[in-house]
Amino acid sequence: MSDTNTPYIEPPMAVDEPFTHPVVQAQAQAQDPIARKRYKRSWGSHSSNPWRLPALDASFWPVFYRNFLVWRKLALPSLVGNIAEPLIWLVAFGYGMGALIGTIDMGTQQVPYLLFLASGSICMSAMNAASFEALYSAFSRMHVQKTWGGIMNAPISLDNIVLAEMLWASFKAVFTAIAIMGVMLALNISTSPKLIAAVPVLMLTGVTFSCLALVFNALAKGYDFFTYYFTLFLTPMMFLSGVFFPLNQLPPLVADIANALPLANAVALVRPLFMDEWPTQAWVHVLVLLAYAVGGFWLALALTRKRFSA
């Protein structure tokens, strides 16, 4: 018979395991290569040096695909907005000023000003599309909406998020440029079969300017900061890169500076293709664009790491 006077003893409560910071976990599991690999993928390299080499893997793809799914809902308005401005430039200057200017002497042939402007404006459009996406949209996801912070709760590192943003802005740039090229083909501005080779060049142009824009995205405290980038960098480059007039019309010193700008090298690659010619010294222009892209991405990644570690 049970003793009714026996005191009731409450069973011990289940206690959750204490939270351990990922850095401490990584240090405790330093001898476990599997745990070390899992940590590096989830949280990045152990090193606190923001200038360390990028730690990239295939986990950037879900971030890229997430941006695509969001954009797909507004694809048509976005496309109209991206191609409207360059087409206005093309109509106003190409048909308006083109009737006054006539042709441009390109050395090997006389080129109608409309064709000359179209081959430069398509590069300018890729530049603008990549810059807007890597500035305003990426800043909204990073700072305003805190989307990047939410993504990093998954096993996706900051390095892969920055890579995904760069590739997404590049995709937007080449998508916009191809749409504009389709309009130019419909208007019979150029029918060169070599235009297909302009697509990878425009993709590289998008990569280059998205990397440069992400540098300013990492430094920005608000949207107003981007005014400096557009006013002091993009706008002067747009007028000094041979989009509206040949570079040989500039003073020699200014022309030498202009030839080192990324947009000028993109135009030098694309314009001959519109003229049904192959660009001369193409490898030089490609190397310049690659140098801007690699240097810009590394700088953007280092500054973004410093921002998130502050």
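1. Order of elements. Along the sequence, this predicted model follows the pattern α-α-α-α-β-β-α-α-α-α-α-α-α-α. The protein has 12 helices and two strands.

2. Contacts across the chain. Among contacts in the protein with a separation of 6 or more, 75% join residues 24 or more positions apart.

3. Burial and surface. The protein comprises 310 residues, of which 45% count as buried. Its accessible surface comes to about 16700 Å², and carbon and sulfur atoms account for 67% of that surface.

4. Packing of α8 with α11. Two packed helices are described by the angle between their axes and the distance between the axes. Here, helix α8 (residues 198-219) packs with helix α11 (residues 262-274) at an angle of about 170°, and the axes lie 10 Å apart. Because an angle over 145 degrees counts as roughly antiparallel, α8 is roughly antiparallel to α11.

5. Composition of that contact. From α8, the residues involved are Ala-198, Val-201, Leu-202, Thr-205, Thr-208, Phe-209 and Leu-212. They meet Pro-262, Leu-263, Ala-266, Leu-269, Val-270 and Leu-273 of α11. The residues of this contact divide into 11 nonpolar and two polar, with no charged residue.

6. Cysteines. The structure holds zero disulfides. Cys-123 has a relative accessible area of 0% and is therefore buried. Cys-211 is likewise buried, its relative accessible area being 1%. Both values fall under the 20% that defines a buried residue.

Methods:
Residues are numbered from 1 along each chain as its sequence is written. This is a predicted model: local features need pLDDT of at least 70, side-chain atom pairs count only at pLDDT 80 or more; totals for chains, interfaces and linings use all residues. Side-chain values use heavy atoms; hydrogens and water are left out. Axes are lines fitted to C-alpha atoms, for helices over the stretch in contact, and angles run from 0 to 180 degrees between N-to-C directions. Helices (H or I, at least four residues) and strands (E, at least two) are DSSP runs, numbered from the N terminus. Angles under 35 degrees count as roughly parallel, over 145 as roughly antiparallel, 65 to 115 as roughly perpendicular and the rest as oblique. Contact means heavy atoms within 4.5 Å. Ala, Val, Leu, Ile, Met, Phe, Trp, Tyr, Cys and Pro count as nonpolar, Asp, Glu, Lys and Arg as charged, and the others, Gly among them, as polar. A disulfide is a pair of cysteine sulfur atoms within 2.5 Å. Buried means under 20% relative accessible area, exposed over 50%, partly exposed in between (1.4 Å probe, protein chains only). Accessible areas come from the Shrake-Rupley method with a 1.4 Å probe; for residues, only the protein chains shown count as cover.
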